[in-house]
Amino acid sequence: MKEEKYDIKSRNPAELTEFVTGLGEKSFRAKQIFDWLHAKQVSDFEEMKNLPKNLIQTLSRTCAPLSLKQETVQISEQDGTRKYLFMLPDGNRIESVLMRYRHGNAVCISSQAGCRMGCRFCASTQEGLARGLTPSEMLDQVYQIGKETGERVSSVVVMGIGEPLDNFDSFVRFTELLTHEDGLHLSQRNLTVSTCGLVPEIRKLAEYRFSLTLAVSLHAAVQEKRRQLIPVADRYPLPELMEACQYYFEQTGRRVTFEYSLIAGFNDAEADADALAGLLRGLRGGMRCHVNLIPVNPVRGRAFRQPHRAVVAAFKNKLEKNGINVTIRREMGRDIDGACGQLRRRYAQA
Ligand code: SAH
């Protein structure tokens, strides 16, 4: 049987110290390795110039690969968005996206290879879940894209393939490493995690008191409609979900974002906007929130259509009249399979 390789890039400083001292090395080697992995972000142990040769050899032999294999990158001619397809060591594929905004570069990463949540309008879940990504596989998407562009990554959103809170421990470790002061040191405030609404995990995450932004995929403010789009809504009905969001705000003081994909003729009527306004008015204790409207991205094999622009604008207006903070998400990279999971699916079918 093949020996399990040590996933050194997923380890925190305390674990690294234990690891190197176990190899008979001095503990300061752990700090050096952490610096190479997470500040300098090398992709090969050979580049770790201040380590002794024999330690480099041991690490090369016993540790898992440090970086993912980039298969393709598509560049949007419309807005410069870049979409990456990465191959994991076991042959699974994931996608990441670089979005260029006036205020900086945002990287959208995947948290799982596939997904088991089954949301009806989402391309990433159609073939089910292969597995959750390791913290290092999540980090490397950010590191590689940052290095390739040579520009600072100013924010990271975990909104690619997968349900991050269904890969909870890896996501927490990823957060710890990405925001570590001896690594890339992204501010926690510039990290957003999106969930389809796993209530126990939202509560668990709240207790870590990270300063990250929680985005909740709502898509309907009426339980009966929401469960038609998001199967886990059956397990975690709206009142419980809203209580968990409230708890997240109380624990972290962070404004919660609600994502709402507008689907023509399904959840885009005035009554739907009223229902959403009513739901958010029910939030207590000065809880701050924000609504992000996303005209649904058509997915092959599904009949969902985007509402007309005027309908989207009317929906937004209605919310604003109710004092709700709302933005329409600008679509990026439509010409390059911009929506989650679509590039990977095309490859899987090719
Ligand atoms: N599993 C997490 C994060 C990944 S999906 C979640 O559900 O939030 C990121 C966002 O894209 C979610 O709000 C999801 O509902 C939305 N999304 C997925 N497919 C979409 C599509 N075809 N059109 C518009 N939004 C979509």
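Thr252 is found in helix 8 (residues 238–252). Helices here are DSSP runs of H or I with at least four residues, strands are runs of E with at least two, and both are numbered from the N terminus. This is a predicted model, in which local features need pLDDT of at least 70, side-chain atom pairs count only at pLDDT 80 or more, and totals for chains, interfaces and linings use all residues. Residues are numbered from 1 along each chain as its sequence is written, and side-chain values use heavy atoms, with hydrogens and water left out.

- Thr252 counts as buried, at 18% relative accessibility. Buried means under 20% relative accessible area, exposed means over 50%, and partly exposed lies in between (1.4 Å probe, protein chains only).
- A polar atom in the side chain of Thr252 lies 2.7 Å from the backbone oxygen of Tyr248. A polar contact is a pair of N or O atoms within 3.5 Å; within protein, one must be able to donate a hydrogen and the other to accept it, and residues adjacent in sequence count only if both atoms are side-chain atoms.
- Pro239 also has its place in helix 8. Pro239 is exposed, with a relative accessible area of 58%.
- Pro239 and Val296 are 57 residues apart along the chain. Their C-alpha atoms are separated by 25 Å.
- Ala271 lies in helix 9 (residues 270–281). Ala271 is exposed, at 55% relative accessible area.
- Ala271 and Phe315 are 44 residues apart along the chain. Their C-alpha atoms are separated by 9.6 Å.

**The sheet as a whole**

- Two strands pair if DSSP finds at least two bridges between them.

**Strand pairs**

- Strand 2 (residues 82–87) and strand 3 (residues 93–101) run antiparallel, joined by 6 bridges. Phe86 stands opposite Ile94 in strand 3.
- The hairpin of strand 2 and strand 3 has 5 residues between the strands. In this hairpin, Gly91 takes a positive phi near 95 degrees.
- Strand 3 also pairs with strand 4 (residues 104–108), in the antiparallel sense and over 5 bridges. Arg100 stands opposite Asn105 in strand 4.
- The hairpin from strand 3 to strand 4 passes through 2 residues.
- Strand 10 (residues 256–262) and strand 11 (residues 289–295) pair in the parallel sense over 7 bridges. Val256 stands opposite Cys289 in strand 11.

**Around the ligand**

- The ligand is surrounded by 16 residues. The closest are Phe121, Ser194, Ser217, His219 and Asn297. A residue is near a molecule or strand if one of its heavy atoms lies within 4 Å of it.
- The shell has 6 nonpolar, 8 polar and 2 charged residues. Ala, Val, Leu, Ile, Met, Phe, Trp, Tyr, Cys and Pro count as nonpolar, Asp, Glu, Lys and Arg as charged, and the others, Gly among them, as polar.
- Strand 8 (191–195) and strand 10 each supply at least two residues of this shell.
- A polar side-chain atom of Ser217 lies 2.6 Å from an oxygen atom of the ligand.
- An N or O atom in the side chain of His219 is 2.6 Å from an oxygen atom of the ligand.
- A polar side-chain atom of Ser261 lies 3.1 Å from a nitrogen atom of the ligand.
- The ligand exposes 530 Å² when taken alone, and the protein buries 94% of that. Accessible areas come from the Shrake-Rupley method with a 1.4 Å probe; for residues, only the protein chains shown count as cover.

**Two loop residues with positive phi**

- His219 is found in the loop between strand 9 (213–217) and helix 7 (223–229). Phi of His219 is near 65 degrees, a positive value in a residue other than glycine. His219 is buried, with a relative accessible area of 5%.
- Gln41 lies in the loop between helix 2 (28–39) and helix 3 (53–62). Gln41 is not glycine, yet its phi is positive, near 55 degrees. Gln41 is buried, at 11% relative accessible area.
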